[in-house]
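Subject: The two-chain model

Hi,

Here is the structure I promised to pass on.

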Amino acid sequence: MISQIAIVLFDGFAFGMLLFLLSVGLSVTLGMMNFINLAHGAFGMFGGYVAVTVMRQLGLPFLAALPMAFIAMALLSVLIERSLFRRLYKAGELNQVLFTIGVVFVAAAAATFIFGTVQQVIILPSWLRGSVEFGGVRFGIYRAFIIVVALIITALLVFGLERTRLGAQIRAAVDNQRMAQGLGLDVERVFAITFALGCGLAGLGGALAVEIVGLSPSFGFQMLVYVLIVVSVGGLGSITGSFAGAALLGIGDVAGKYFWPEIGSFLIYLLLVAILLVRPLGLFGKR
Amino acid sequence: MTTPIAAPIESRDWLRRRSRWSPFEIMFWLAALLPFILLPTYLPLASQIAIAALFAISVDLILGYAGIVTLGHAMFFGLGAYFAGIISVRGWGEPISGLLMAGLFAGIIGYVVSFLITRVQHLALIMVTLGLGLLTYELANALHDLTGGTDGLRGIRTWPILGQFKFDLWGYTGYAYTLAVLFLCFLLSRRLVNSSFGLALRGIRENVKRMPAIGADHKGHLRLVYAISAAIAGLAGGLMAQTTNTVALDSLSFERSADVVVMLILGGTGRLYGAILGTIIFLVARDQLAGINPQYWYFGIGLLLMVVVLFMPKGILGFLARIVDRSK
């Protein structure tokens, strides 16, 4: 029983860390511009495809494919943000939701057109495969790798946000966009950078997720609900909130499916509704 | 929104003028009878459109008029469908009473849920509607004995309407029945939005803080319209169960909730005809395009959504209305 709990906690935490990478960018950009971007998961999907493609076509190693996914998605997001999303910052939330759902549809169709509907596989290097035994429980090495990567990135994000100039600008823009603008801060530029970073992280998360959840054109939809739960439960604009929300959701999801397979997802949604009714701004939301 | 009015008029006169029938409307409803004569092979599609249009009207009442953004309204559609289906399986297949009970059931649940809905706003509101929708889906999936789970509900038998008109294979009775229900609910909704209650809802949509300031019970209004909307959605679901004799889990799915909002936006929110027009465009296009290749369909609908949001924020009907206004 103890070993079961340990393995569920471990797998759940690893899944949570994937969700964290996929959603942290959305949380921060939403907190800053109030722009509800349901297409955030689509960046994760294309990140996965980039990683799979560069490994298969160019023969790059896995560790080189991950930064490629990050960079490709950051660049793509700048393009899309400057050309399309920028027009919608002043629009109502309904229009934002619908526009970005439209983007998810188009992205799914484009992915089907280019890559087909088949599930993609990623070939991990041998040192990431298998598992290690620790106290009678077998832990997957790849999942441990995900946790390590996510923790490093979290540390970088927290450090960057607390200690750098850009981080201070981001915090100012999230706290009070109009005030920051009044003080001469170019919020649009800060937003564009944040958006690119967030989408890059989503791309990285997508690349890491291929092995765990698979990759097909419906990835953007599959992850949409998870990402939204993390963002709304964690609270907008908060990295620690997203981290806690993602870890909770990941562990809850894996535990629910493991111990109560019949009603596991039911419990997750029940928890979501209950949390939002008690704290509409999320567990760590301030505004 | 409205053009400035020179002379002050009584609000009652304004409402009365809004509720007058225009020749376009009469033509529209006469045209709705055409499929009987011109396209008898498309009657099943026509009843599907009528059902979806009814569902879209129910969403328009809360989204277009009261400003409650929902991504989980399929919850009430599915509840109505399962209610109508289950009482039929359990031996009561009389369609009209069954339909009314389904609508009532969905309406009661809607009233209960409305107490939760009115507590939250913005992103939390979208997430709560989404969460409740997914919750209902999982519940129906878990209650396998009652709903048939992923296999769907089997053994629905709907008796002839009024003991006279059997549901035929061609869909004549089915379309007449759905069209009649759609028309009646449309009349009800039309009366509702052109009443002082409808005006109060628009006030809430435009500014949620000022309505309580002028003494309107905004939460009470929202709860009432939410319950009415849920009941109409339940009627639409009940109609689907009765005309197709099947209920599957997809009647509760997120896709259905999202599709109906898309239809509404295409046509134009805050106009009942926008809901109907959007449904017609969406379903006819899907019927034609999905036959060629389902991926074209997704690409097309995604692109259409983006174009409509960017260039026609009031939907296709709002766009047309603006052109007509300008040419005057």
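Below is what I found, starting with the chains and ending with a few single residues.

Two things about the source first. This is a predicted model, so to speak of local features a pLDDT of at least 70 is needed, side-chain atom pairs count only at pLDDT 80 or more, and totals for chains, interfaces and linings use all residues. Residues are numbered from 1 along each chain as its sequence is written, while chains are lettered from A and ligands numbered from 1 in the order in which they are written.

**The two chains**

Chain A comes to 11 helices and two strands. Helices here are DSSP runs of H or I with at least four residues, strands are runs of E with at least two, and both are numbered from the N terminus.

In chain A, 49% of the 287 residues are buried. A residue is buried if 20 or more other C-beta atoms lie within 10 Å of its own, exposed if 12 or fewer, and partly exposed in between, with C-beta atoms placed from the backbone. Of the contacts in chain A between residues at least 6 apart in sequence, 77% join residues at least 24 apart. Two residues are in contact if their C-beta atoms, placed from the backbone, lie within 7 Å.

Chain B has 15 helices and zero strands. Its C-alpha trace spans about 60 × 45 × 40 Å along the principal axes. For 328 residues, a compact globule would have a radius of gyration near 20 Å, and chain B agrees with 20 Å. Buried residues are 47% of the 328 in chain B. Contacts in chain B with a separation of 6 or more are 78% between residues 24 or more positions apart.

**Where the chains meet**

The contact between the chains takes 31 residues from chain A and 32 residues from chain B. On the chain B side, α6 (122-142), α12 (254-267) and α14 (294-311) each supply at least two residues. Which helix gives the most? That is α6(B), with 13 residues. The side of chain B that touches chain A has 26 nonpolar, four polar and two charged residues. (Ala, Val, Leu, Ile, Met, Phe, Trp, Tyr, Cys and Pro count as nonpolar, Asp, Glu, Lys and Arg as charged, and the others, Gly among them, as polar.)

Leaving aside neighbours within four places in sequence, V103(A) is in contact with A39(A), A42(A), G302(B) and M306(B). V103(A) and A39(A) are 64 residues apart along the chain, yet their C-alpha atoms are separated by 6.1 Å.

**Helices side by side**

The axes of α10 (residues 239-259) and α11 (residues 264-278) of chain A come within 7 Å and cross at roughly 145°. Axes are lines fitted to C-alpha atoms, for helices over the stretch in contact, and angles run from 0 to 180 degrees between N-to-C directions. Residues in this contact include G252(A) and D253(A) of α10(A), and G264(A) and S265(A) of α11(A). By class, the contact has three nonpolar, four polar and two charged residues.

In chain B, the axes of α5 (residues 95-117) and α11 (residues 218-244) come within 6 Å and cross at roughly 145°. The contact of α5(B) with α11(B) has 19 nonpolar, 10 polar and one charged residues.

**Two loop residues**

N245(B) sits in the loop between α11 and α12 of chain B. Its phi is near 60°, a positive value in a residue other than glycine. Most residues other than glycine have a negative phi. N245(B) is partly exposed, with 17 other C-beta atoms within 10 Å.

Y42(B) lies in the loop between α2 (23-31) and α3 (43-65) of chain B. Y42(B) is partly exposed too, with 16 other C-beta atoms within 10 Å.

Cheers

Notes:
The radius of gyration is taken over C-alpha atoms; the globule rule is 2.2 Å times the number of residues to the power 0.38.
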